[in-house]
Amino acid sequence: MSLPLRVAVVGAGPAGIYAADILTKQDPDVTVDIFDRLPTPYGLIRYGVAPDHPRIKQIIVALHRVMESDRISFIGNVHVGVDLKVDELREFYDAIIFATGAERDRPMALPGIDLDRSYGAADFVAFYDSHPDREKTWNLTGAHSVAVLGVGNVGLDVARILARTGDELLFTDIPEHVHAALRNSAVTDVHMFARRGPAQAKFTPVELRELDHSPNLQVLVQPEGMEFDAGSQEALSKSKSLRMVVDVLSEWAIRDADPNFNRRIHIHFLENPLEIIGEDGKVVGLRTEHQELTGDGNVRGTGEFTTWNVQAVYRAVGYRSEAIEDLPFDTNNFVLPNKGGRVLDLDGGQLPGIYATGWVKRGPVGLIGHTKSDAAETVANLLADREALTPAPVRDRRAVHTLLASKSIPVTDFEGWDRLDAHERSLGEPVERERIKLHARDEMTRVAGTR
C-alpha cells in the first residue's frame, strides 16, 4: 500500500509502547494510536509492580519520551472489544497490534481452591497497586500465618508486601485504603512453597535480596529443601544469576530464628501443595507432599505429607491473558494464536492486519526488557506485510474520536495523563512522598479531563 501507514496498538503498557516506538523509528510516515481500557498509560509498570520497587518504575521516564512523539497518540479509557469493536477499529487503521498483557491469575486445580481466604496473587497485586477496576478493600485481620504458592518474582512481591508493616510502605505511592489494610494486618508468618528445588527457582538475585531489606522481618530458608542433583548442578554451571540466587538462599538456610523479629518469611523448597484445608468455609491449613529430585532437575513425591497451620493461601503460579471479543483465543496457553506476532485464526490461517506482542503473544514469561525484542519481531513482520495490507477506508486521525464521542465514551489523552501525574505528585508533596496514587476511575478521568 502506498498510503502512509495507520496503526492502532491496543494496550499502553511497555509492550505496546515499545511497538509504537519501533514502528515510528522504522517508518517515517506511520502514525500510531495507542488504546487502553484504563484512563492511564504504562500498564504493568503502574498496576503490576510492587509499590516498594521505585527502581523498576523508573522505566516510565523512557516510556514517557516515546509517548511525546507527535506521531503517537494515547486514547485512554476505551475498552477495545467492548466499547469499540475490532471491526470498528479496522475502519480507521491499516493494522492493529494487540498488546493487552496478562493480569489475571492462571487457574490452579487444587482441592479447597474456592475457600474463603484462598486468593489469586493477581487480585492482591491489583489491590495494593490500586487498580481502578479491582478490589478496593482487603481483610488481613483474620490470618497470622499465610501461605504463598510459587516462588517467582510475583510470589516474592506478595510475600514481601504481606510481611511488611503498613508504615514501612508510607514512602511509596499507596493511598490510604491500602495503607489501612496493611496497618491492620495480623500477619506474622508468611510461608512460601516451591514444588522443585532451589536451583529451579525463577526469581532474580536482586528481587530475592530485597526480601531481606526490612528491619521488621527475618527471612528463613528451611534447610530440608536445600537439595541439588546432577540437573541442578548443570543449571548452576550455566547461570551466574542462578548461582547468586543459591548463594543467598544457602546463607539464609543456616540462619537461626531471631525472636527479636516479629515477622518472618519462611521459604520451603521441595514441597508440593496437594490440598487447601477448610473449616466452616474458611482456610485453616495447607497439605503438602515432600518431593525428591530425580537427577534431571525434576521431582517426584516421597509419600511424606505435612499439614501447615495457615489461615490464608495466595496462589502465585502465573498470570494469564484474557480473550478479546471477536478474536480467536488459545485457551490452553491463554494467548492470541500467532506466528511471529501474526495472529492466526483457529484453522491456522493468518488474520489480515491483526498482530500481537508482549505477554498476550507469548505468555507471561520474561522481564519487562524482553518485550523490546518481542515487539521488534512483530513490527518487522507487520512491515513485511505492508504491501498486502488493505488500506483503512477512513484516514482522518480525528475520525475515531468522532465515533467515540457518538458513543458517549469519556476518552483521556496523554496531556490528561500529565495532568493526572502532576495531581498525584501534588498529593504526595505535603507528606514528602513522590506521589499518592488515585484509585477511582471517575476521579482519575475527572482530573485528567476527557474529550
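Predicted model: local features only at pLDDT ≥ 70, side-chain atom pairs only at ≥ 80, totals over all residues.

Reader: Which residue does arginine 164 meet in a salt bridge?

Author: Arginine 164 meets aspartate 52, with a distance of 2.8 Å from N to O. Arginine 164 lies in the loop between helix 7 (153–163) and helix 8 (176–183), and aspartate 52 in the loop between helix 2 (44–47) and helix 3 (54–57), so the pair ties together parts that are 112 residues apart in sequence. Helices (H or I, at least four residues) and strands (E, at least two) are DSSP runs, numbered from the N terminus.

Reader: Is arginine 164 buried or exposed?

Author: Arginine 164 counts as buried, at 13% relative accessibility, and aspartate 52 is buried too, at 9%. Buried means under 20% relative accessible area, exposed means over 50%, and partly exposed is in between, with a 1.4 Å probe and protein chains only.

Reader: And what does lysine 437 form a salt bridge with?

Author: Lysine 437 forms one with aspartate 173, and their closest N and O atoms are 3.9 Å apart. This pair links distant parts of the chain, 264 residues apart, with lysine 437 in the loop between helix 15 (414–428) and helix 16 (441–448) and aspartate 173 in the loop between helix 7 and helix 8. Lysine 437 is buried, at a relative accessible area of 3%, and aspartate 173 also counts as buried, at 10%.

Reader: Changing topic, in what order do the strands of the open sheet come?

Author: The six strands of this open sheet come in the order 6-14-7-8-10-9, and their pairing is parallel; two strands pair if DSSP finds at least two bridges between them. Strand 6 (118–120) and strand 9 (217–221) stand at the edges with a single partner strand each, so one side of each is left without a neighbour in the sheet. From one strand to the next, the twist averages 20 degrees.

Reader: How many bridges join strand 9 to strand 10?

Author: Five bridges join these parallel strands, strand 10 being residues 263–268, and valine 221 stands opposite isoleucine 267 in strand 10.

Reader: Which strands does helix 11 touch?

Author: Helix 11 (residues 240–253) packs on the sheet and touches strand 9 and strand 10, and its direction makes about 100 degrees with that of strand 9. Contact means heavy atoms within 4.5 Å, while axes are lines fitted to C-alpha atoms, for helices over the stretch in contact, and angles run from 0 to 180 degrees between N-to-C directions.

Reader: At what angle do the axes of helix 10 and helix 11 cross?

Author: The axes of helix 10 (residues 230–238) and helix 11 cross at roughly 115 degrees and come within 5 Å. Among the residues making this contact are Leu236 of helix 10 and Val246 of helix 11.

Methods. Residues numbered from 1 in each chain as written. Heavy atoms only, no water. Salt bridge = Lys/Arg side-chain N within 4 Å of Asp/Glu carboxyl O.
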